[in-house]
Amino acid sequence: MASSSAPPAVNLDKAPAGTPVIAKKKAPYPFWLGGVAASIAASITHPLDLTKVRLQASGDKGMVNSLRKTVRTAGVRGLFDGISGTLMRQMSYSLCRFWAYDESKKIVGAGKNAPAWKLALAGSMAGGIAGFVGNPAEIIMVRMQGDFAKPPEKRLNYKNCFDGLFRMVREEGFSSLGRGLTPNVFRAILMNASQLASYDFFKAELLRSGHFNDNIYCHFTASFAAGTVATTVCSPADVLKSRIMNASGPGSSSTLAVIKNSFKNEGAMFMFKGWVPAWSRLQPTTILIFLTLEQLKGIVDWTRGDKQSLFS
């Protein structure tokens, strides 16, 4: 009678030549990795973002003068006013967008060498979800960053991001959490369709060229290109949003009227006014986010034994 026992397992380390080896499927990275990377990057660039908001709100002349004013009145710690709001935004909006982007790529079938349109579609889906989820934190972040630039009697004086969230709901109702939701979601769609998708696309193209390995030089170059694409794609939406919100007087009764007047008076290139300052703000953030994310992925690989050296 033939034995029904299963054949012995093959030791892959001592398997004879010709033995087929089935590659182990790589486990997905933790869903929160993108949020942590964005939080680290945002902590580094927070003083610049804070200064930008205060320049817009207070009318200070020049970024350097605004920075000096903050240090003079509140000390070096003043450069990190509202940091809890920034971290809340990154751990809601950014965490969600990176997670949703990976999941959306699976849905649309965007593999390793996917075409740009599939990556952009996945980025758009992720942006729509993240823009909705992160809207309350976006409001808290903007309020906390701009609060110190207001006269003392008009300040909200949120103790931290959670205090701000609870007070906003208590004093203004749940509907206040949805303020600016439509333009915020629209911009998030544009941002993620351009930034996340173009980074993956440029990284794949650089690796395919044979001139780059999967290292920090490749990641820096791809993120630099992604920041430029994201600024160019988002610039028209930012300009239009700003003009519509600030419009007043004759000919400003509708969105279409504002756009028509701008086209008539300045031509189509009005949509790219402020491109250079927008690029100078977004570029460092984009580079820091992706460099940090790739390093965190490397640490995860190393802890799993998928990478021999932490710095390879």
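This is a predicted model: local features need pLDDT of at least 70, side-chain atom pairs count only at pLDDT 80 or more; totals for chains, interfaces and linings use all residues.
I started with the second largest pocket and asked which helix gives the most to its lining: α7, with nine residues. Helices here are DSSP runs of H or I of at least four residues, numbered from the N terminus.

Residues are numbered from 1 along each chain as its sequence is written, and side-chain values use heavy atoms, with hydrogens and water left out.

**Pocket**

I checked what "pocket" means: on a 1 Å grid over the protein atoms alone, an open set of points where a 1.4 Å probe fits, with protein on both sides within 12 Å along at least five of seven lines; lining residues have an atom within 4 Å of a point. The volume is about 1500 Å³, taken as the space filled by probe spheres set on the points, which are joined across faces, edges and corners.

I found 45 lining residues, with Tyr 29, Lys 105, Lys 203, Glu 294 and Lys 297 nearest the centre. Helices that each supply at least two lining residues include α1 (33-58), α3 (83-108) and α10 (275-304).

Where does the second largest pocket lie? Domain 1 (30-179) and domain 2 (186-243 + 267-290) both give residues to its lining, so it lies between them. Those bounds come from an automatic or database domain assignment.

**α4**

Next I looked at α4 (residues 116-133): its 18 residues reach 26 Å from first C-alpha to last, close to the 26 Å expected at 1.5 Å a residue (1.5 Å times one less than the number of residues). Its buried residues (under 20% relative accessible area, 1.4 Å probe, protein chains only; exposed is over 50%) are Leu 119, Ala 122, Gly 123, Ala 126, Gly 127, Ala 130 and Gly 131. They cover an arc of only 160° around the axis, which puts them on the same side of α4; the arc is that of the directions from the helix axis to the C-beta atoms. Trp 117 and Phe 132 are exposed on the face turned away.

In α6, I listed Cys 161, Asp 163, Gly 164, Arg 167 and Met 168 as buried. Seen down the axis of α6, these fall within an arc of 150°, so they line one face. The face turned away carries exposed Phe 162, Phe 166 and Arg 170.

Last, I noted Asn 157, in the loop between α5 (135-146) and α6. Asn 157 has a positive phi of about 55° although it is not a glycine.
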